[in-house]
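Please keep the sequence and the coordinates open side by side while reading. The paragraphs below start from a single residue and then widen to the helices, the sheet and the chain.

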Amino acid sequence: MTQEEYLNSMCKIEIYCEILLGVLRYIPVKNYQTEEEYKIILNRNLKFENTDDDVRLRACIDLIEDSEFAISEFYKNGLITTSNRNGEMYLRLYGVLNAVYLQMQSTIELIELFKIPNKKKIVSELKALKIIDVRNKLGAHTPNYTNVIGHGKSKTESYRLGRSTMSKWGNGLKIASSHGSIEEFELIPLMNEFSGRIEYYLDLISDKALKSLFPNSSENKDWMAHRLNFVRNKRIK
């Protein structure tokens, strides 16, 4: 398998994760005598604040990759595979909604680690995405969702999913609130919107990491830069 074939076999978010793993793997660490010294130099060279932030970085990368496996599985097989049972549909729906949330949280952690500007604005934008609202209403705070109604006031609502609206690809799913309102949504467009935003921010993170941590040309930098250019071209197509 050629390098191009290998990269083409991966989704965009997986490639960004490989770039960030490269950052962790190839950041130069020299002149250390102990494991403790290695950790101190490693995190200093990564421009992180704490001596265990490298572990935090690896945990975020792993979680983004793992949650992407769940999201990719939804794109491939939807909410129903072969069993055609309600239990599987709910398991897969709750699973993919929480995979989305975990991926968002891990991306926010990376934004903090790499000190991407305007973190507060980015976090607000991500949390305002409709798929996160759906996740909160269906997969987390279903019986006690706090709905902000303005002027510092809020009300607690409960939600339920219309079972008869469940379908393989989440078309026309309906949520009913305890206050009588009904929302209808299409799952795939909301997922596509979310994935596009995560890709955008992983690109910002990867770009800043390469420019700030690898100022000089090297074989390792070229390896990561090639992947960054590849995934950018893949996003354009």
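Leaving out residues up to four places away in sequence, V134 touches L97, G139, I175, F185 and L190, where contact means heavy atoms within 4.5 Å. This is a predicted model, in which local features need pLDDT of at least 70 and side-chain atom pairs count only at pLDDT 80 or more, whereas totals for chains, interfaces and linings use all residues. Residues are numbered from 1 along each chain as its sequence is written, and side-chain values use heavy atoms, with hydrogens and water left out.

V134 itself is found in helix α7, which covers residues 130-139; helices (H or I, at least four residues) and strands (E, at least two) are DSSP runs, numbered from the N terminus. With 1% relative accessibility, V134 counts as buried, a term that stands for under 20% relative accessible area, with exposed meaning over 50% and partly exposed the range in between (1.4 Å probe, protein chains only). The C-alpha atoms of V134 and L187 are separated by 9.3 Å, although the two residues are 53 residues apart along the chain.

S106 lies in helix α5, and, once its neighbours within four places in sequence are set aside, S106 is in contact with C60, L63 and I64.

The helix pairs come next. Two packed helices are described by the angle between their axes and the distance between the axes. Here the axes are lines fitted to C-alpha atoms, for helices over the stretch in contact, and angles run from 0 to 180 degrees between N-to-C directions. Helix α5 (residues 86-113) packs with helix α6 (residues 119-127) at an angle of about 170 degrees, their axes being 11 Å apart. The two helices α5 and α6 are therefore roughly antiparallel to each other, given that angles under 35 degrees count as roughly parallel, over 145 as roughly antiparallel, 65 to 115 as roughly perpendicular and the rest as oblique. On the α5 side the contact is made by M104, Q105, I108, I111 and E112, and on the α6 side by K119, I122, V123, L126 and K127. By class, this contact of α5 with α6 has six nonpolar, one polar and three charged residues, where Ala, Val, Leu, Ile, Met, Phe, Trp, Tyr, Cys and Pro count as nonpolar, Asp, Glu, Lys and Arg as charged, and the others, Gly among them, as polar.

In another pair, the axes of helix α2 (residues 12-26) and helix α8 (residues 187-213) come within 10 Å and cross at roughly 25 degrees, and α2 and α8 are therefore roughly parallel to each other. The contact involves K12, I13, Y16, I19, L20 and V23 of α2, and its α8 residues include S195, I198, E199 and L202. The residues of the contact of α2 with α8 divide into eleven nonpolar, two polar and three charged.

Turning to the strands, an open sheet of three strands has the order β3-β4-β5, with antiparallel pairing, two strands being paired if DSSP finds at least two bridges between them. Because β3 (159-161) and β5 (182-185) stand at the edges, each with a single partner strand, one side of each is left without a neighbour in the sheet. Neighbouring strands of this sheet are turned by 25 degrees against each other on average, direction ignored. Three bridges join β3 to β4, and four join β4 (residues 173-177) to β5. A176 of β4 is the bridge partner of R160, and A176 also has I182 in β5 as a bridge partner. Strands β4 and β5 form a hairpin with four residues between them, and G180 in the turn has a positive phi of about 95 degrees. Four of the five residues of β4 are buried, so this strand is largely enclosed by the rest of the structure.

For the chain as a whole, there are nine helices and five strands, following the pattern α-α-α-α-α-α-α-β-β-β-β-β-α-α along the sequence. The C-alpha trace spans about 65 × 50 × 30 Å along its principal axes, and buried residues make up 44% of the 237 residues. Of the contacts in the chain with a separation of 6 or more, 60% are accounted for by residues 24 or more positions apart.
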